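Open the structure in your viewer and keep the sequence beside it. This tour goes from stop to stop, saying what to select and what is found there.

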Amino acid sequence: MSAQTRSTAEIESRVRAIVGEVLWVAADDIRAAAQLIDYGLDSPTAIELTIQLEQEFGIEIPEDAASRLNTVDDIVAYVRDDS
């Protein structure tokens, strides 16, 4: 399902699940506006997260854009705008 046909809530739910899986944090414990670095995001996990998001949403996230995706809210907005 493309991001265009998903609601913002559905996108946020999937983003939280992917972030939680990559960072080993319960999805429900991730605050949308919290910095992902606070949950343990580092360079290797940022790459893994980007790959997972690209696969899930069928989008390409350039490196410069990926470096600006610091919160779940940032990612959700990017996915919505890129679709």
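Which residues in α1 meet which residues in α2? Before selecting them, some ground rules. This is a predicted model, in which local features need pLDDT of at least 70 and side-chain atom pairs count only at pLDDT 80 or more, while totals for chains, interfaces and linings use all residues. Residues are numbered from 1 along each chain as its sequence is written, and side-chain values use heavy atoms, with hydrogens and water left out.

**Stop 1: the two helices**

Select residues 8-23 for helix α1 and residues 43-57 for helix α2. Helices here are DSSP runs (H or I, at least four residues), numbered from the N terminus. On the α1 side, the residues that meet α2 are Ile11, Arg14, Val15, Ile18, Val19, Glu21, Val22 and Leu23. Their partners in α2 are Thr45, Glu48, Leu49, Gln52, Leu53, Glu56 and Phe57. Contact means heavy atoms within 4.5 Å. By class, this contact of α1 with α2 has nine nonpolar, two polar and four charged residues. For this count, Ala, Val, Leu, Ile, Met, Phe, Trp, Tyr, Cys and Pro are nonpolar, Asp, Glu, Lys and Arg are charged, and the others, Gly among them, are polar.

Now view the pair as two axes. α1 and α2 pack at an angle of about 145°, and their axes are 10 Å apart. The axes are lines fitted to C-alpha atoms, for helices over the stretch in contact, and the angles run from 0 to 180 degrees between N-to-C directions.

**Stop 2: the nonpolar core**

Select Val15, Val19, Leu49 and Ile75. In the largest nonpolar core, which has 25 residues, these four touch the most other members. A nonpolar core is a set of buried Ala, Val, Leu, Ile, Met, Phe, Trp, Tyr and Cys residues joined through side-chain atoms within 4.5 Å. The elements that give two or more residues to this core are α1, α2 and α4 (72-82). The largest share, six residues, comes from α1.

Center on Leu49, which is placed in helix α2. Is Leu49 buried or exposed? Its relative accessible area is 5%, so Leu49 is buried; buried means under 20% relative accessible area, exposed over 50%, and partly exposed in between (1.4 Å probe, protein chains only). Not counting residues up to four places away in sequence, Leu49 touches Ile18, Val19, Val22, Leu36, Leu41 and Ile75. The C-alpha atoms of Leu49 and Val15 are separated by 9.6 Å, and the two residues are 34 residues apart along the chain.

Next select Val15. With the neighbors up to four places away in sequence again left out, Val15 touches Leu53, Phe57, Val72, Ile75 and Val76.

**Stop 3: the salt bridges**

Side chains of opposite charge can pair when their charged atoms come close. A salt bridge is a side-chain nitrogen of Lys or Arg within 4 Å of a carboxyl oxygen of Asp or Glu. By this rule there are three salt bridges.

Begin with Glu12 and Arg16, whose closest N and O atoms are 2.7 Å apart. Both lie in helix α1, four residues apart, about one turn of the helix. Glu12 is partly exposed at 21% relative accessible area, whereas Arg16 counts as buried at 18%. Beyond four places in sequence, Arg16 touches Ala27, Ile30, Arg31, Ala32 and Val72.

Then select Arg14 and Glu56, a salt bridge with its closest N and O atoms 3.2 Å apart. This pair links distant parts of the chain, with Arg14 in helix α1 and Glu56 in helix α2, 42 residues apart. Arg14 is partly exposed at 33% relative accessibility, and Glu56 is partly exposed at 24%.

The remaining pair to select is Arg68 and Asp64, whose side chains meet in a salt bridge of 3.7 Å, N to O. Arg68 counts as exposed at 52% relative accessibility, and Asp64 as partly exposed at 47%.

**Stop 4**

Select Ser13, in helix α1. Ser13 is partly exposed, at 46% relative accessibility. Ser13 and Val76 are 63 residues apart in sequence and 9.4 Å apart in space, C-alpha to C-alpha.

Finish at Trp24, in the loop between α1 and α2. At 80% relative accessibility, Trp24 counts as exposed. Trp24 has a positive phi of about 60°, although it is not a glycine.
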